[in-house]
Amino acid sequence: MKYDVVIVGAGLAGLTAACELIDSGKKVLLVDQEPANSIGGQAFWSFGGLFLVDSPEQRRLGIKDSKELAWQDWMGTAGFDRLEDEDEWGYQWAKAYVEFAAGEKYEWLQSLGVKFFPVVGWAERGGSLAGGHGNSVPRFHIVWGTGPGIVEPFAKKVEQASLEGKIDYKPRHKVDELLSSNGVVVGIKGKVLEESSIERGQESSRIEVGEFEYYGDAVIVASGGIGANLELVRENWPGRLGEPPQSMVTGVPAHVDGRMLKISENAGARIVNRDRMWHYTEGLKNWNPIWHNHGIRILPGPSSLWFDALGNRFGAPNFPGFDTLSTLEAISKTGYDYSWFILTEKMIEKEFALSGSEQNPDITNKSIQQILKRVLPGPPAPVKAFMDNGEDFIIADSLKDLVEGMNKLAGNELLDFIKIKDQILARDRELDNKFTKDMQVMAIQSARQYLGDKLIRVAKPHKLLDSKNGRLIAVRLNILSRKTLGGLQTNLNGQVLGESGEPIPGLYAAGEVSGFGGGGVHGYRSLEGTFVGGCLFTGRKVGEYLSK
């Protein structure tokens, strides 16, 4: 059977492309190696944060944003340094994406029924100069319904179109080869996997029960990145970040395996920026895992004191929530795969959120009643569950007991109580005045000038060693694998380029497998809210182009 378009991958990028093609009346095949209940892919598990510029939510909170400021931040963050080669198309996708985020993105999402939590988050705050890395203003818009909320309109449309015969959706179809004829990609070939009744996110069977070949005028690869393939992550780990971690937790399900990158390369596709990746430094081992080695990221406010495995406090810009890549490099170069937060009960109740749809049931379930409980004393219920059950948490009445517990958890004696105490006392003394030389304290004071942070995100500055601020808490932080920033190089139509720089006829890509556009729209670093948004944008652009 021949189709107008064959799409490999039923994640958000593939679904978005499919929806555009459905509207144009094209004959479409959508295949995915996972069961039908995994439709939406990684996006389902996300916090649902989207990068928007000069939105109504920002304006209501007194945030003055603009396309010019957003582009300044993007360029300072991306650090494009291969513009004549690997960054050529990523740069162009970045310009187009910022235009989209400052323009039609908001109204387009509204037209699909997508709504946003009223408080805009401030991710990747930077911590350097105005022209350097980071968001100058809060831009992290949380979808009302988190990841499932952003997946829902696209998944529903595809599922309904499948029932009506407007699209063929075939789960449990694992692609092993892109079929080519005279240099043109003309279809896909692979194995049908046995039916699987596993829950979403769990590892499904790879037992093969059949074969398939399908043909199309165009093939879109929308298969995601390499985040669950830790062997591939280590293989591509850049030397500038030190040695790859021997121990990591995994932030994505097992099906995020990177298979289609190699399969596409075998068909002549060019992969660029292999050494660029986005992994988090605040990973927790999930006490209630969904997939193997399941890690959850802390979305921290700015107040926790951050120490390396040897008990040295990190300096600027390596504060919680400021510069992920810089902190990853600093941790990697210590020779250890973990670091520590030390904080108080007053800090954790206001400043700890956990990434992921399942860790935010109030927003995911769109429950105003549950959200109102966030203002009650104590940490949110999912955070409290980690405090009670998670192996990475130590809670103590005294700093001496806390440090002893940290050493016991790490299985070594690397942390010296006096050394830790002296650093905390030095920081606490800086709170005796309204002014300070401590850059982290300055950052906290600055953050509280933003109403959203002051109300629900950043604790009032206080001394850690003052007992009235509650017990002390230490959190062991693991490296958490997540995103692939490089990938298949594509032009602005989503056409995959070969080694010559020319498009490969019939082959397209969208989402993470294309570095969220052009083989690396983010450059070296992300401003956050740009992964789910990058899947939406690339899927829409490719779908529009092939709808003509």
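Which residues does Ile 394 touch, not counting residues up to four places away in sequence? Ile 394 touches Leu 402, Gly 405, Met 406, Leu 409, Leu 472, Ile 473 and Ala 474, where contact means heavy atoms within 4.5 Å.

## Basis of the description

This is a predicted model, in which local features need pLDDT of at least 70 and side-chain atom pairs count only at pLDDT 80 or more, while totals for chains, interfaces and linings use all residues. Residues are numbered from 1 along each chain as its sequence is written, and side-chain values use heavy atoms, with hydrogens and water left out.

## Ile 394 and strand β16

Ile 394 is found in strand β16, residues 393–396; helices (H or I, at least four residues) and strands (E, at least two) are DSSP runs, numbered from the N terminus. With a relative accessible area of 15%, Ile 394 is buried, a term that stands for under 20% relative accessible area, whereas exposed stands for over 50% and partly exposed for values in between (1.4 Å probe, protein chains only). The C-alpha atom of Ile 394 is separated by 22 Å from that of Arg 457, and the two residues are 63 apart along the chain.

The protein chain is divided into domain 1 (2–223 + 485–547) and domain 2 (301–480), with bounds that come from an automatic or database domain assignment. Taken over C-alpha atoms, the centres of domain 1 and domain 2 are separated by 33 Å, and the contact takes 27 residues from domain 1 and 25 residues from domain 2.

About 2100 Å² is buried between domain 1 and domain 2, with carbon and sulfur atoms giving 63% of this area; buried area is the accessible area (1.4 Å probe) that two parts lose on being put together, summed over both. In domain 1, Phe 47, Arg 125 and Trp 144 lose the most area to domain 2, and together they account for 32% of what that side buries. The rule finds two salt bridges across the interface of domain 1 and domain 2, a salt bridge being a side-chain nitrogen of Lys or Arg within 4 Å of a carboxyl oxygen of Asp or Glu. The side chains of Arg 125 and Asp 453 meet in a salt bridge, at 2.8 Å from N to O.

Helix α9 (residues 324–332) is mostly covered, with seven of its nine residues buried, namely Thr 324, Leu 325, Ser 326, Thr 327, Leu 328, Ile 331 and Ser 332. These buried residues of α9 pack against β11 (277–285), β12 (295–300), β13 (305–308), β14 (338–344) and β17 (472–484). In the loop between β13 and α9 lies Pro 317, which is joined to Ala 316 by a cis peptide bond with omega of about 0°.

## Positive phi values

Asp 54, in the loop between β3 (49–51) and α2 (56–60), has a phi near 60°, a positive value in a residue other than glycine. Asp 54 counts as partly exposed, at 34% relative accessibility. Arg 172 also has a positive phi, of about 60°, although it is not a glycine; Arg 172 is found in the loop between β5 (167–171) and β6 (173–181) and is buried, with a relative accessible area of 2%.

## A nonpolar surface patch

Leu 451, Leu 455 and Ile 456 make a nonpolar surface patch of about 270 Å². Patches are made of residues with over 30% relative accessible area and no salt bridge, like charges being joined within 9 Å and nonpolar side chains (Val, Leu, Ile, Met, Phe, Trp, Tyr) within 5 Å; accessible areas come from the Shrake-Rupley method with a 1.4 Å probe, and for residues only the protein chains shown count as cover. Ile 456 lies in helix α17, residues 451–456, and is partly exposed, with a relative accessible area of 40%.
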